[in-house]
Structures are given as C-alpha cells and as structure tokens.
Amino acid sequence: MKQLNHLLKDSMEFRTKLTILSFPVRHQKKLFLPSLVLVLYTCFLQAQNPLITHMYTADPTARVFEGKLYIYPSSDTVPPSDYTRYQHCMPGYNIFSLENGVTWKDHGRFLNNDEVPWALKGSYSMWAPDCIEKDGKYYFYFPVRAADSVHRVGVAVGSSPTGPFKVEQDYIPGTKGIDPGLLKDDDGTFYMFFGSGHEIHVAPLEKNMKELAQEPVSVQGLPGGYMEGAFPFKKDGIYYLSFAHIFRDEGYTIGYATSDKAMGPYRYRGKIIDNIGDGTNHHSVVEYQGNWILFYHQWEVSGDNKLRSIRADYMYFDKPRRRILPGAIKKVIPTLRGIGTPTLGDTLQVDRYNEINGAKTAFVGGGEPDGWMICETERDAYVRFNRVDFGGGTARKLTARISGVTTAGTLDVYLDSIDGKKIATIRSQNTGGWNSWKTVETGLLEKIEGVHDLFLVFKSRRGTTKIMNVNWLVLN
Ligand code: FUB
C-alpha cells in the first residue's frame, strides 16, 4: 500500500509538471475518426514513468530495430456513451520511438478497428499487439474481434518499423485467441505464442509470415491458473516464456518459465512482477544498449484500470550460481524512476530506485518539502540508481540531504556494481534526529565520464540498523 501511495503521490506531482491531458469524452470521440492523428507528436519527457501521458496506452511490446527502441502498445480510450458491449474500449494502434535517449515520439495512429476488413466493426477490441522484422519487412500482429465476436490474430505488413502498414484481408487461420507474442529463433524460424485461459498456444509461422505452419499446440509445463499476454524471448541459449498469470489470492502477476526448446516443454521459474493492483498486468522484455528492460502498464494517471499508461523499468538476471538453474530473473519493483537518464546538477531522487536491498522508503518528515526518502538502512544495505550521465568528466562533488542520529556509519557511492569503483563517501551524523535534515558535501574521489549506474552502500562499524536517511543527492 505504501508503495502505491508513493506512486500515486509522485504521479500527482509529476502531473502538474507535465500538464497531462484529461481526455474529455468529446476528444475521445475524435479517436474514432479514420483519418486520425497522423500528425507526429513528441512528448518531452525524461523517460520517467509513465512513459506516455498525452493518451492512454496499454500492453506495451517493445522491440529494437536497427538499434532504435520502438514501442507497439494498444490504446485505451474512454468509451462513447453507447459503447456497452465489452470491458475494454480499444480503437487502434500508435507507434512510439525513443529519440535522443529521453524523448518518446508518437508516430501517430496507423491502424483502426474499422480499417481491418475482417474485424467486427465498432467493437474497439484491438488488444495487445506485437511486431517483428524479417528480411527488411515489419510484421505487425494484432488481436481483434472477428465477425463472430471471437478474437483472432491478424497481420499488417510494413516497409519500416513505423510503416506504412498494409493490413491483410483476413485473419491468420487457426488463431483463436488474444495477445500474439513472436519469437525469432537463431535458425530463422519464427514462432507465434498466443491465447488466454489455462493454456498458451504456440505454432511456427510459414515463411510468408502470414500463416501458421502447423496446428497450434498447447505449451507444456506452464503453471495452473489463468494466463495471457505471452511474451517469448531468448538469452544465452535459454528460451524464456513470460506471461500474465493470475494467482487466486493475488490477481494478475507476470510470471516466467524457461526451456531449452522454443516450443517447450517449459518449467515455471517464478514471478517477474507482483500484482500491481486490481487490473490487468501485461508486459514485454527487450535488451537495449546492454540493459534488459521490462515494459508493462499501470493506471495511476487515470485511476481507472481500463485507462492504462505504459511504463518501463530495468530488469536484472541473477548471476549463475551452483546448483541453481541458470537464467533466473530478479523480481522487478515498479518505479516512477523508469529508465530515464538524469545528468549533472539534477536532483537524484534516490527513493525512485532501480533496486533496493536492506532499506526502505517513506515520506520525509521534519518540515522538508514533500518527498520521499531512503530510510531504515541496515548494515550493508544498498540502493541502485541507474544511468546517471556524468558527461565529459566535470563533476567534482556530491551533495546529499541526510538525517540521522549515529556517527558510526557511512554512505559509500560505487559505480556500476556493489564492488565497483568507489567515488564518494558521506559520513553519518547526528543531525539532531531522524526528522532534522542537513545538506552535506563531499569531493569526488575520481574523474568520471559517461553514463553509469550508482550503488549507494550503507556501512556501519557497529549495530545493524538505521545508518542514515537520504532524501536526495546532486552531482556537479
Ligand atoms: O488490453 C486488453 C487486454 O487486457 C490484453 O490483450 C490483455 O493482455 C490485458 O492486458
């Protein structure tokens, strides 16, 4: 609950800064016009969460094409008053690309429900899509209700990652279900996973990418319970199948399973992300510039779980350990920090961590401006804060806002790993109490250039708890 409050509160602050559009129904209706929004729209965000705030987006499939990061999400919209048929109102698809590392560019609406020849008109049921490249062509797979009201998977073929896309006249025979997830294997075979319920189905694709090469089969070895949103990927020779998964007591989570064969059998390995509230969970995973990123959605902007907003956080794999099956994924904690890259002089709000161990977050007290802090720092606790851009090496000092009651500890800042290069040390102090804040400064021990992850490690000569509270850091 605390985490949720944290997200909500910060998103409120975030909203005032970004002037989020509130989508009155009269504007929503415009979304149904076929001519729709072909104007390029650019969001000037620091790649924080949520990623897109000028429209509602869900079910993000991220892909890297020729070194560039694209997102193919679905879009949620406020239903018109006569739309009562289905639970989600999802009229069509936009594409987004990451520009200059921080800016998500909207390439506009490129496919609407009613432009699909075989789709049930007016059903606005364009659910989670995927896109994959073969021989310079881009195949966009999407589920929409067909004339019989059942979801089928269709394909549109594009000449670039952003189109133009030409939609096929009919759906792909044999595809009864939602949420296509595509895998390209090293031997050039493409597989489509899809479906929902107590089974996920898979089939290889024909070379033309427009038909299944065989009857789909049920993926073996997956856990019991409802599943959807299958997303396959391969890393270090291991096939991963990740999926939205409902536990009876927890609701939607994202789980994953691994195999040594694309079509399985798979073995369930655990959760990548816990339940995030009373709504769907849907994701994709991508490796971009050496980092693995989990894309997912939430609905903190609208407060309505049918009006979702896409997000991204870094995802980490466990180091190989003896007797442990290789390739384990560490659970991702949703953050507002997202995958943005702050630079020198920016306030590093370290409570928006990428990873935390042995410490907690809470509201700051003591008359500080509203905000959150790192607290309850145990001995050897660490907080990881990714991708700080040190530029050309001009940073000389680290400034920190801290509070505490003990002089027995330190905050050591390391680059890129817990046992990386130490760049600064801040001694804990008795500032007059946990709610009495003090700004302290220390010189950097190294000249640092480029983009690095920070690891804040809390150390103590004695005792194990509460070394210091940290509100924020600044490097310059
Ligand atoms: O967005 C509509 C549906 O909700 C998706 O297809 C599912 O994965 C779930 O997110």
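**Exercise 1.** Does Ser 428 count as buried or exposed?

*Solution.* The model is predicted: local features need pLDDT of at least 70, side-chain atom pairs count only at pLDDT 80 or more, and totals for chains, interfaces and linings use all residues. Residues are numbered from 1 along each chain as its sequence is written, and side-chain values use heavy atoms, without hydrogens and water.

Step 1. Buried means under 20% relative accessible area, exposed over 50%, and partly exposed in between (1.4 Å probe, protein chains only).
Step 2. Ser 428 has 4% relative accessibility and therefore counts as buried.

**Exercise 2.** Find the place of Ser 428 and the residues that it touches.

*Solution.* Step 1. Ser 428 is in the loop between β28 (421-427) and β29 (430-443); strands are DSSP runs (E, at least two residues), numbered from the N terminus.
Step 1. Leaving aside residues up to four places away in sequence, Ser 428 touches residues including Thr 406, Gly 409 and Met 468, where contact means heavy atoms within 4.5 Å.
Step 2. A polar atom of the Ser 428 side chain lies 2.7 Å from the backbone oxygen of Thr 406.

**Exercise 3.** Describe the open sheet that contains β19.

*Solution.* Step 1. Its three strands have the order β18-β19-β20, with antiparallel pairing.
Step 1. β18 (283-288) and β20 (309-315) are the edge strands, each pairing on one side only.
Step 2. β18 and β19 (residues 291-298) pair over six bridges; two strands pair if DSSP finds at least two bridges between them.
Step 3. Opposite Val 285 stands Leu 294 in β19.

Technical notes
Helices (H or I, at least four residues) and strands (E, at least two) are DSSP runs, numbered from the N terminus. A polar contact is a pair of N or O atoms within 3.5 Å; within protein, one must be able to donate a hydrogen and the other to accept it, and residues adjacent in sequence count only if both atoms are side-chain atoms.
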